[in-house]
Amino acid sequence: QVQLVESGGGLVQAGDSLRLSCAASGRTFSTYTMGWFRQAPGKEREFVAVISWNDSTYYRDSVKGRFTISRDNAKNTVYLQMNSMKPEDTAVYYCAAAKGVFISGSFYDYWGQGTQVTVSS
């Protein structure tokens, strides 16, 4: 069992930066692929970024060059650094854990409760 707790959300202006953190319980964190997903009001949940157990990373096109996913296995934590933020980045952001490398949220077994990110124009 893995428990995930996100933090770091908030209200920022367009062009600002924000860093999300996701702390995981358990001793096998390093063996999981970790993903960040988001869901805006009235929209489907979408993949944002994924980092595999061996640090391969994947990003949706709209965040490439602006967002960076990273992990610290010693701290059981995954991060999402968000720069040059845009109003369209506004959403609830969730972290999730999976065995295997996927960009579809359907394959993720564990989810955090989410953290709100709002970007004003």
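This note sets out numbered points on the fold, the strand pairing, the salt bridges and the surface of a predicted model.

1. Overall fold. The protein chain contains eleven strands and zero helices. Along the principal axes, the C-alpha atoms fill a box of roughly 40 × 25 × 25 Å.

2. Burial and contacts. Of the 121 residues in the protein chain, 43% count as buried. When contacts between residues at least 6 apart in sequence are considered, 57% of them join residues at least 24 apart. The chain exposes about 6,200 Å², and carbon and sulfur atoms supply 47% of that area.

3. Strand β8 and its neighbours. Strand β8 is mostly covered, with five of its six residues buried. Strand β3 (residues 18-24) runs antiparallel to β8 and is joined to it by six bridges. Strand β7 also pairs with β8 in the antiparallel sense, again over six bridges. M82 of β8 is the bridge partner of L18, and F67 likewise stands opposite M82.

4. The β7-β8 hairpin. Four residues lie between the two strands of this hairpin. Within the hairpin, N76 takes a positive phi near 55°.

5. The R38-D89 salt bridge. A search of the whole structure finds five salt bridges. In one of them, the side chains of R38 and D89 meet at 3.1 Å, N to O. R38 belongs to strand β4 (residues 33-39), whereas D89 sits in the loop between β8 (77-82) and β9 (91-98); the pair therefore ties together parts that are 51 residues apart in sequence. Both R38 and D89 are buried.

6. The R60-E46 salt bridge. R60 forms a salt bridge with E46, with the closest N and O atoms 3.5 Å apart. R60 is found in the loop between β6 (57-59) and β7 (67-72) and E46 in strand β5 (residues 46-51), so this pair ties together parts that are 14 residues apart in sequence. R60 counts as partly exposed because its relative accessibility is 23%. E46, at 25% relative accessibility, is partly exposed as well.

7. The salt-bridge network. R38, E46, R60, R66 and D89 are linked in a network of salt bridges. The network thus includes the buried residues R38 and D89, together with R60, which is partly exposed.

8. The D61-K64 salt bridge. D61 and K64 form a salt bridge in which the closest N and O atoms are 3.1 Å apart. D61 counts as exposed because its relative accessibility is 63%, and burial requires a value under 20%. K64 is partly exposed, with a relative accessible area of 49%; the cut-off for an exposed residue is over 50%.

9. The nonpolar surface patch. W53, Y58, V101 and I103 make a nonpolar surface patch of about 400 Å². W53 is located in the loop between β5 and β6. W53 counts as exposed, at 51% relative accessibility.

How values were computed. Residues are numbered from 1 along each chain as its sequence is written. This is a predicted model: local features need pLDDT of at least 70, side-chain atom pairs count only at pLDDT 80 or more; totals for chains, interfaces and linings use all residues. Side-chain values use heavy atoms; hydrogens and water are left out. A salt bridge is a side-chain nitrogen of Lys or Arg within 4 Å of a carboxyl oxygen of Asp or Glu. Buried means under 20% relative accessible area, exposed over 50%, partly exposed in between (1.4 Å probe, protein chains only). Two strands pair if DSSP finds at least two bridges between them. Patches are made of residues with over 30% relative accessible area and no salt bridge: like charges are joined within 9 Å, nonpolar side chains (Val, Leu, Ile, Met, Phe, Trp, Tyr) within 5 Å. Accessible areas come from the Shrake-Rupley method with a 1.4 Å probe; for residues, only the protein chains shown count as cover. Contact means heavy atoms within 4.5 Å.
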